[in-house]
Amino acid sequence: MADKILIVGATGLIGGLLTRKLVEQGRDRQLHLLLRRPYREDVGKAKIHVQLQENWPATIARIQPDIAISCLGSTMKKAGSKAEFAAVDRDLVGAVASAAKAAGARQFIAISSTMADSSASSFYLKTKGEAEDLLRAQHFDRLDIIRPGLLRGERINDNRLGESLAIAASPLMDLLLHGRFRRFRSILASDVAAAILPLIGKKDHGTFIHENDAVWEMV
């Protein structure tokens, strides 16, 4: 029987790219998208579930995914406060993972951030690290955590001035980052999305962390 794949965050940069790639593949998989607002692109045979966030666990229970992929993510500017940022990047990610595990998912794939650490002094990195801890606590057969550097790609209706300036400077900065610092290099969102494809359905058990170099090897 074909695997049921659930994507949350399909309207985001990486989530949208990943969804398009899976639709283009057209393989014998059941693709489900769980969204907070309507999805306006062609998703082929994929099933779209538009629900309020509080209804997500019940919806995931009905879908019973074999593999769940979280592309959820926000910014402090977009979220508006630390509490709202944590509500999405930590709490919602954790709730999705808990519901997926309860529904029988054997694999969970999540987009995090380089340097994510629940003991970090940076609120952003600490929140990302706390989200990772919530994922590990579910004890999936296989957990893949992708930790990209600065993401490059075209976002729609999402003006991030500081990030835009960093992206503009990234070609020069990337040249200066070598060895263990390569994980801080910028990376195309399309490369991150492409790297998820070969991870889907992997049978090896355990938790696997994929930083920039590992992502580039899979593209």
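**View 1. Lining of the second largest pocket.** The second largest pocket is lined by 15 residues, and those nearest its centre are R27, R29, L31, K45 and A46. Helix 1 and strand 2 are the elements that each give two or more residues to this lining. A pocket is an open set of points on a 1 Å grid over the protein atoms alone, where a 1.4 Å probe fits, with protein on both sides within 12 Å along at least five of seven lines; lining residues have an atom within 4 Å of a point. Helices (H or I, at least four residues) and strands (E, at least two) are DSSP runs numbered from the N terminus. The volume of the second largest pocket is about 300 Å³, taken as the space filled by probe spheres set on the points. The model shown is predicted: local features need pLDDT of at least 70 and side-chain atom pairs count only at pLDDT 80 or more, while totals for chains, interfaces and linings use all residues. Residues are numbered from 1 along each chain as its sequence is written, and side-chain values use heavy atoms, with hydrogens and water left out.

**View 2. The largest nonpolar core.** This core has 31 residues, of which I7, I14, L18, I69 and I196 touch the most other members. Elements giving two or more residues to the core include strand 1 (4–8), helix 1 (13–25) and helix 7 (189–196). A nonpolar core is a set of buried Ala, Val, Leu, Ile, Met, Phe, Trp, Tyr and Cys residues joined through side-chain atoms within 4.5 Å; buried means under 20% relative accessible area (1.4 Å probe, protein chains only). Leaving out residues up to four places away in sequence, I14 touches C71, I111, L151, A189, V192, A193 and I196, where contact means heavy atoms within 4.5 Å.

**View 3. Strand 5 between its partners.** Five of the five residues of strand 5 are buried, so the strand is largely enclosed by the rest of the structure. Q107, I109 and I111 cover one side, and F108 and A110 the other. Strand 4 runs parallel to strand 5 and is joined to it by four bridges; I67 has Q107 as its bridge partner in strand 5. Strand 5 also pairs in the parallel sense with strand 6 (residues 142–147), over five bridges, and A110 has I145 as its partner in strand 6. Strands pair if DSSP finds at least two bridges between them.

**View 4. T127 in helix 5.** T127 lies in helix 5 (residues 123–136) and is buried, with a relative accessible area of 1%. Beyond its neighbours within four places in sequence, T127 is in contact with F85, A86, D89 and R90.

Technical notes:
Buried < 20%, exposed > 50% of the residue type's maximum accessible area, 1.4 Å probe, protein only.
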